[in-house]
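This report describes the surface, the fold and one selected residue of the structure shown below.

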Amino acid sequence: SSSDIYFAPADGDFDSYVDYVRNLPITPSPEVYGFHENADITKDQKETQQLFNSILLTLPRQTSGGGRSSQGVILDLASDVLSKLPPNFDLEAVKSEFPVLYGDSMNTVLTQELIRFNRLLTVDRSS
């Protein structure tokens, strides 16, 4: 593979193979299957669309006297999703643990991504 993460390990004993497998990422990247990394974004979008379509299919077409309305079901589901959102990241704590330095560009990327993720969480909670 282009990232040198996925390869056929060299001949060795059983323990060397187990060590190799244990060091692989828990969540495989699209690279494993020969896809570009943007394939992950497309997969996530399709899963989200499928979730929403499934929610819509489970909603009642019409309500009877004692039934719950579609809006009530959607509000309950939205409340459930909101309750599972993590708290915003403490950017100051992250910056002190991973200072933004010229030699550590990944720290800059981490900070930028956490800022974006916090914005996303804020929008999710307010909408």
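## Surface and charge

The accessible surface of the protein chain amounts to about 10,500 Å², and carbon and sulfur atoms account for 59% of that area. These values, like the others in this report, are computed from a predicted model.

The protein chain carries 10 positive and 18 negative charges.

## Fold and overall dimensions

The protein chain contains five helices and zero strands, and its pattern along the sequence reads α-α-α-α-α.

The radius of gyration of the protein chain is 22 Å, whereas a compact globule of 127 residues would have a value near 14 Å. Along the principal axes, the C-alpha trace spans about 70 × 40 × 25 Å. Of the 127 residues, 9% count as buried. Where contacts join residues at least 6 apart in sequence, 39% of them link residues at least 24 apart.

## Asparagine 107

Asparagine 107 is located in helix H5, which covers residues 105–126. Asparagine 107 counts as buried because its relative accessibility is 12%, and the cut-off for burial is under 20%.

With residues up to four places away in sequence left out, asparagine 107 touches Phe98, Pro99 and Val100. The side chain of asparagine 107 also reaches the backbone oxygen of proline 99, at 2.8 Å.

How values were computed:
Residues numbered from 1 in each chain as written. Predicted model: local features only at pLDDT ≥ 70, side-chain atom pairs only at ≥ 80, totals over all residues. Heavy atoms only, no water. Helix = DSSP H or I, 4+ residues; strand = E, 2+ residues; numbered from the N terminus. Buried < 20%, exposed > 50% of the residue type's maximum accessible area, 1.4 Å probe, protein only. Polar contact = N/O pair within 3.5 Å; in protein donor to acceptor, adjacent residues only side chain to side chain. Contact = heavy atoms within 4.5 Å. Rg over C-alpha atoms; globule rule 2.2 N^0.38 Å. Areas by Shrake-Rupley, 256 points an atom, 1.4 Å probe, with all protein chains shown as cover. Lys, Arg positive; Asp, Glu negative; His and termini not counted. Charge placed at Lys NZ, Arg CZ, Asp CG, Glu CD.
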